Amino acid sequence: MARLSILGGLGRKGPAAFLLEVEGRRILMDLGEGPVPGERPCLDKLGAVDALVLSHAHMDHCGALDLHTRIGAPPVHASAATWAQIPPERLAERHRVVVPLEGVAEVAGLAMRFGRSGHALGGVWMRIDTPRGGLLYTGDWSVESEIFPFDPPPAASTLIVDASYGDRAQALEDQFDRIRAMAQGGAVLCVPAAGRGPEVALRLARAGLSPKVCPVVAREIRLLAGDFESGCVPEIRAALAAFAFALADGGTARPGDAIVATEANAEAGLATALRARLGEGFRFLFSSHVPAGTPAEALLQAGAAHWLGWNVHPRLGDVLDLADSCAARRVVPLFLNVSEAPNLGAGLGDRLCLDRTIEV
């Protein structure tokens, strides 16, 4: 018998944490914090685990690494690109294990297959054999990114899938047309670290704008354009290297600049420095989920910012296509309230599963 316990991320946008118990091993997939500041999964009854596997370096998937000793200080598995974004003070090197972006690695003595998730630098999905036909956890994923490829996963009877956008069907190409129009007059395009920043900058540059980037995004561009194991396809690496992106800082930036800056909700990084200069005419553009209590929420409510989508999660059709291609018999849609996505629920039909504990 194998069992999956969902500790976070079911029913709404929340911190990711999923415990798989199989063949006497206990494997925790992700251990996040947020996106609501300070929110963490409840670990009161979790106990020690044999391994922790991280899908990517975003805080809602790895932000609770400081609880590592509380779960028995197990080995923590992630791709090399994910580890490059997590500083040593958050987890000592002796606990880190590198897994491939594509391929099979041993996790707690069991074979786990990984593939690129199309969402972020170093992001992976993970699949493991179980008595009832295998389990696939997607992490966050997308099939629309030019920079981050998505590797089609193998079949799995149980699919725990990022479905953050619910019934959204709009394509990234259509979204970009609106963002480009706004950026032409100058805008601070707020992005998460280790996410869409390089792609936003690349697409704006290709459209004839001259975007500036914050130091965090500049470092990510260097990683993607270099020989680092980023998973980025060669032609995109060459394109990133071809543009000389100017560096933006809090002192020299001007309201007419198109600036790609962290963080996603203006809660840190260059975006915070420019938020302090809002009265000079800076326009803020947000494209991520906006949690309650963040600066982004306050700016949007005050009419001092705009929100325009930029897909980094799957659309409705992407989720349904993945469920079909994996021949999934049970699908657990994560990071949303399914009652607010009637087309998703109808499309999944009797495959839809909202249980917190599942025999797999």
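By class, the lining of the largest pocket comprises 19 nonpolar, 15 polar and 13 charged residues, where Ala, Val, Leu, Ile, Met, Phe, Trp, Tyr, Cys and Pro count as nonpolar, Asp, Glu, Lys and Arg as charged, and the others, Gly among them, as polar. The structure is a predicted model, in which local features need pLDDT of at least 70 and side-chain atom pairs count only at pLDDT 80 or more, while totals for chains, interfaces and linings use all residues. Residues are numbered from 1 along each chain as its sequence is written, and side-chain values use heavy atoms, with hydrogens and water left out.

In total, 47 residues line this largest pocket, and Pro35, Asp60, Pro192, Ala264 and Asn265 lie nearest its centre. A pocket is an open set of points on a 1 Å grid over the protein atoms alone where a 1.4 Å probe fits, with protein on both sides within 12 Å along at least five of seven lines; lining residues have an atom within 4 Å of a point. The space in the largest pocket is about 1100 Å³, a volume being the space filled by probe spheres set on the points. Helix H1 (59-62) and helix H5 (215-225) each supply at least two lining residues, and H5 gives the largest share, three residues. Helices (H or I, at least four residues) and strands (E, at least two) are DSSP runs, numbered from the N terminus.

The second largest pocket has a volume of about 180 Å³. Its lining has six nonpolar, one polar and three charged residues, among them Leu19, Arg26 and Asp44. Strand E1 (residues 3-8) contributes the largest share, three residues.

The structure holds 19 salt bridges, each a side-chain nitrogen of Lys or Arg within 4 Å of a carboxyl oxygen of Asp or Glu. Arg26, also in the lining of the second largest pocket, forms a salt bridge with Glu21, with the closest N and O atoms 3.3 Å apart. Glu21 counts as buried because its relative accessibility is 19%, buried meaning under 20% relative accessible area, exposed over 50% and partly exposed in between (1.4 Å probe, protein chains only).

Glu146 and Arg206 form a salt bridge whose closest N and O atoms are 2.8 Å apart. This pair links distant parts of the chain, 60 residues apart: Glu146 is in the loop between strand E10 (135-137) and strand E11 (158-162), and Arg206 is in helix H4 (residues 197-206). Salt bridges that share partners join Glu146, Glu173, Glu199, Arg203 and Arg206 into one network.
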